[in-house]
Amino acid sequence: MDVKEIELKSKALTKAATSNEPSANIIALLKELQKGVRPTEDLLRSTRIGIIVNKLKQHKSPDVARLSSEIVSKWRNEVNKQKASGSPAASQRASGSPRPATNGAASPAAATPSDKASKLSVSPDKRTWKADGVDIGHTSNKVRDSCIGLMYDGLCLHSTEAPRVVLQKAVAVEAAAYTYLGPETKEQYRTKIRSLYQNLKNKSNPTLRVRVLNNDVTPDQFVRLSHDELKSDQQREQERRIQKENMDKAMVAQAERSISTSLQCGKCGQRKVTYTEAQTRSADEPMTLFCTCMNCGKSWKQ
């Protein structure tokens with residue numbers, strides 16, 4: 001399976017996961033990747049397929065989660081073996097050609113392992129802009145640069161994307177928010193940045209980070225999404241389920257009450273009283289009446 005095919009499969013896999021398609025569809029795509037991909041470090045990074053499959057380890061379907069975990073473990077072992085043996089495949093694409101430099105220009109320095117912007121120095125679950133050693137000072141404005149740092153921290157969590165890639169996306173998201181809601185002194189701008197950060201960090205919405213990094217959701221689209229639109233399909237389904245449960249509880253039939261004209265309300269003197277009977281004392285004692293006046297609402301027991 002060449003790079004182009006893998007990229008097409010990764011898009012199909014992302015769409016299937018975010019659209020809440022049946023787990024059988026996702027499993028079919030995963031099995032194709034399991035058979036057809038010859039993993040190398042460069043291939044997994046350039047196609048982002050490793051990130052996408054890794055995210056599916058948190059899928060609600062146990063079969064999807066298990067197969068994803070198997071594939072990720074297999075790919076990781078293959079790449080580690082290549083590194084240990086010094087195999088050139090570890091740093092080349094599946095086609096065998098070296099990875100092209102940005103804009104087509106040769107840039108040996110950009111590909112060196114010592115370049116912090118191209119290499120992870122901490123595990124994906126502990127990444128932050130400080131841990132990755134990136135420079136967030138892009139605007140000469142302290143507030144805006146802090147917001148870039150927030151966006152970086154939200155996007156890099158559990159990601160294996162190169163720091164440079166994450167930083168470029170964080171800068172683009174902040175710039176889009178600034179254009180849409182700025183300047184930085186406005187509360188709407190700061191509130192939106194905080195909201196985006198919280199949604200990116202939300203454990204219940206792991207695909208959001210992938211969609212933004214993959215540009216399935218562009219920075220301009222991302223900053224314009226409402227709070228509800230930022231939620232995952234699983235979050236919305238859970239909220240619908242809770243609302244339904246609350247509605248069902250509210251509609252539970254109440255105990256039937258009898259109406260008596262012989263009972264008199266001590267407050268308004270009316271004889272329109274509803275009552276229920278309950279045995280609150282010993283069995284040889286009379287039942288207790290719980291009364292409510294239909295006229296004034298006074299309640300008592302006798």
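Mentor: Quick ground rules: the model is predicted, so local features need pLDDT of at least 70, side-chain atom pairs count only at pLDDT 80 or more, and totals for chains, interfaces and linings use all residues. Residues are numbered from 1 along each chain as its sequence is written, and side-chain values use heavy atoms, with hydrogens and water left out.

Trainee: How do you know that helix 9 and helix 10 are in contact?

Mentor: Contact means heavy atoms within 4.5 Å. Val173, Glu174, Ala177, Tyr178 and Leu181 of helix 9 make it with Gln188, Tyr189, Lys192, Ile193 and Leu196 of helix 10.

Trainee: What makes up that contact by class?

Mentor: Seven nonpolar, one polar and two charged residues. Ala, Val, Leu, Ile, Met, Phe, Trp, Tyr, Cys and Pro count as nonpolar, Asp, Glu, Lys and Arg as charged, and the others, Gly among them, as polar.

Trainee: Where does Pro183 sit?

Mentor: In the loop between helix 9 and helix 10. The peptide bond from Gly182 to Pro183 is cis, with omega near 10°.

Trainee: Why is the second largest pocket said to lie between domain 1 and domain 2?

Mentor: Domain bounds come from an automatic or database domain assignment. Domain 1 (3–81) and domain 2 (142–232) both give residues to the lining, so the pocket lies between them. Its lining has five nonpolar, nine polar and six charged residues.

Trainee: What makes phi of Arg48 worth a look?

Mentor: Phi is near 65°, a positive value in a residue other than glycine. Arg48 is in the loop between helix 3 (41–47) and helix 4.

Technical notes:
Helix = DSSP H or I, 4+ residues; strand = E, 2+ residues; numbered from the N terminus.
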